[in-house]
Amino acid sequence: MTDSFIIKLTAAEIAARIASGELTAVEVAEAHLARIEAVDEKVHAFLHIDRDGALAQARAVDEKRERGEKLGPLAGVPLALKDIFTTEGIPTTVGSKILEGWIPPYDATLTRRLREADVVILGKTNMDEFAMGSSTENSAYGPTGNPWDLTRIPGGSGGGSSAALASYEAPLAIGTDTGGSIRQPAAVTGTVGVKPTYGAVSRYGMVAFSSSLDQGGPCARTVLDAALLHEVIAGHDPLDSTSIDAPVPPVVEAARNGSVEGMRVGVVKQFRGEGYQAGVVQRFDESVQLLKELGAEIVELDCPSFDLALSAYYLIAPSECSSNLARFDGLRYGLRVGDDGTRSAEDVTSLTREEGFGDEVKRRIMLGTYALSSGYYDAYYGSAQKVRTLITQDFEKAFEQVDVIVSPTTPTTAFPIGERADDPMAMYLADLCTIPTNLAGNAAMSLPCGLAPEDNLPVGLQIIAPAMKDERLYKVGAAVEAAFVARWGHPLLEEAPSL
């Protein structure tokens with residue numbers, strides 16, 4: 001089999017061919033490493049490639065099969081890991097100069113679970129610094145290009161992971177979602193991204209941005225592949241105090257039995273209007289019509305607190321970030337500046353943070369520190385938490401009427417690199433549809449629903465389910481995906497320009 005054939009296979013197909021002996025895990029790893037070597041100079045999806053480690057993992061899978069041992073459902077499948085999860089012996093930078101060259105002494109729980117499942121980790125992907133951004137332009141190591149158009153953004157903060165999928169550098173990837181950083185990149189690259197219920201995937205070893213919002217999750221090119229990865233990484237972890245001690249929802253079973261027959265699907269009136277690209281709204285309306293044709297009942301919903309979600313988020317997330325990032329002081333690990341024996345510890349910390357943090361991180365630390373300061377806490381952070389409660393209550397009322405909610409994932413398609421770099425508010429609006437879900441802790445998915453007519457770029461459909469009902473995402477997502485692929489005659493990514 002040629003490399004070009006191997007890299008186009010789904011994760012499920014790769015795993016099946018390795019298990020049957022039709023392919024070896026080493027062949028699969030080498031095909032994807034060759035693809036990275038061929039195109040990543042243009043895409044810049046990866047910050048670090050672990051060639052030796054990936055091939056060693058692949059050889060171990062092949063040896064297991066030769067010994068007749070049972071292989072897991074993703075054994076030998078390559079994966080691109082967002083550079084926010086610690087990896088023992090492999091650099092973890094979080095897209096920041098302040099951790100440049102840092103080699104963690106331990107694996108994150110998610111990393112460990114991937115290794116235990118014999119998933120082959122190819123390397124670490126580019127991201128907005130400390131996951132703060134919607135375009136991957138805030139990486140200290142340069143932006144990532146969108147494989148559909150390399151002059152446009154691949155989404156953020158996890159643009160490296162989504163770009164790796166869309167450019168066929170990896171069939172699976174891991175992202176994290178604080179305000180939409182899995183779903184928004186999936187939407188603008190024509191891939192699938194899932195934010196599981198908050199607490200469903202361990203945050204142990206995931207560098208913290210906003211602890212009450214951060215959530216790791218699966219990224220893939222198909223709904224089934226995302227489900228298979230979801231089952232590998234989810235589950236209770238005693239090392240994470242926010243981890244849910246409950247069985248993982250049956251997401252793979254749901255993905256294999258996609259259906260919306262008899263389901264009630266909600267459409268929220270707040271998720272459209274000013275600022276939404278015409279082509280995005282058109283493809284979303286077509287998706288709603290498709291759901292109707294597949295047997296779903298469409299229910300109009302009014303969730304007035306959603307209009308306040310963006311404002312609440314940009315008080316809560318920076319407040320938590322200002323607290324979490326206080327640990328990066330230049331004294332314990334990572335970058336250290338000005339330690340020449342004449343300066344105080346306070347001066348070294350100040351110089352290190354000045355040089356080590358980028359503009360967006362500094363902006364959010366300052367905003368968060370102000371919101372938490374004496375005399376302003378109740379007016380800002382306290383008020384934002386009250387709005388968060390209202391958003392949660394609006395979701396609870398909505399889910400009394402419907403099984404899932406659908407919306408556009410993001411108001412526009414991928415915008416040109418640099419277009420919003422000097423306009424933080426315009427950048428923040430990219431997460432308009434995704435933020436409410438993070439504030440409430442629900443589960444959500446983005447999957448492709450076509451190309452916008454005006455620019456021929458991917459549009460994402462967002463599906464939102466109640467907490468711990470993640471299987472509903474996959475049940476609906478699989479049905480929609482199958483219907484769209486049947487309509488288009490092929491997966492959407494096949495329309496992407498060749499790199």
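Start the tour by selecting Lys-82, which has its place in strand 2, residues 78-82; strands here are DSSP runs of E with at least two residues, helices are runs of H or I with at least four, and both are numbered from the N terminus. The model is a predicted one, in which local features need pLDDT of at least 70 and side-chain atom pairs count only at pLDDT 80 or more, while totals for chains, interfaces and linings use all residues. Residues are numbered from 1 along each chain as its sequence is written, and side-chain values use heavy atoms, with hydrogens and water left out.

**First stop: the annotated site**

Lys-82 is buried, with a relative accessible area of 0%; buried means under 20%, exposed over 50% and partly exposed in between, for a 1.4 Å probe and protein chains only.

Show the surroundings of Lys-82 next: leaving aside neighbours within four places in sequence, its contacts (heavy atoms within 4.5 Å) include Lys-124, Met-127, Ser-157, Ile-174 and Ser-181.

Move on to Ser-181, in the loop between strand 4 (172-176) and helix 7 (183-189). Is Ser-181 buried or exposed? Ser-181 is buried, with a relative accessible area of 6%. Residues up to four places away in sequence not counted, Ser-181 touches Lys-82, Ala-131, Gly-133, Gly-156, Ser-157, Gly-158 and Thr-176. If you zoom in on Gly-156, you will find that the side chain of Ser-181 reaches the backbone oxygen of Gly-156 at 3.5 Å.

**Second stop: two pockets**

Rolling a probe the size of a water molecule over the atoms shows where empty space is left. A pocket is an open set of points on a 1 Å grid over the protein atoms alone, where a 1.4 Å probe fits and protein lies on both sides within 12 Å along at least five of seven lines; lining residues have an atom within 4 Å of a point. Points are joined across faces, edges and corners, and a volume is the space filled by probe spheres set on them.

The largest pocket has a volume of about 550 Å³. To find it, select Tyr-168, Arg-221, Pro-491, Leu-493 and Glu-494, which are the closest to its centre of the 25 residues that line it. Then colour helix 17 (470-488) and strand 10 (443-451), each of which supplies at least two lining residues; helix 17 gives the largest share, four residues. This lining has 16 nonpolar, four polar and five charged residues, where Ala, Val, Leu, Ile, Met, Phe, Trp, Tyr, Cys and Pro count as nonpolar, Asp, Glu, Lys and Arg as charged, and the others, Gly among them, as polar.

The second largest pocket holds about 300 Å³ of space. Of the 19 residues that line this second pocket, Tyr-106, Met-206, Val-207, Ala-208 and Arg-327 are the closest to its centre.

Select Thr-352 in helix 12, residues 345-356, where Thr-352 is buried with a relative accessible area of 0%. Finish at Val-288 in helix 10, residues 278-293, which is buried with a relative accessible area of 12%.

Terms used:
Polar contact = N/O pair within 3.5 Å; in protein donor to acceptor, adjacent residues only side chain to side chain.
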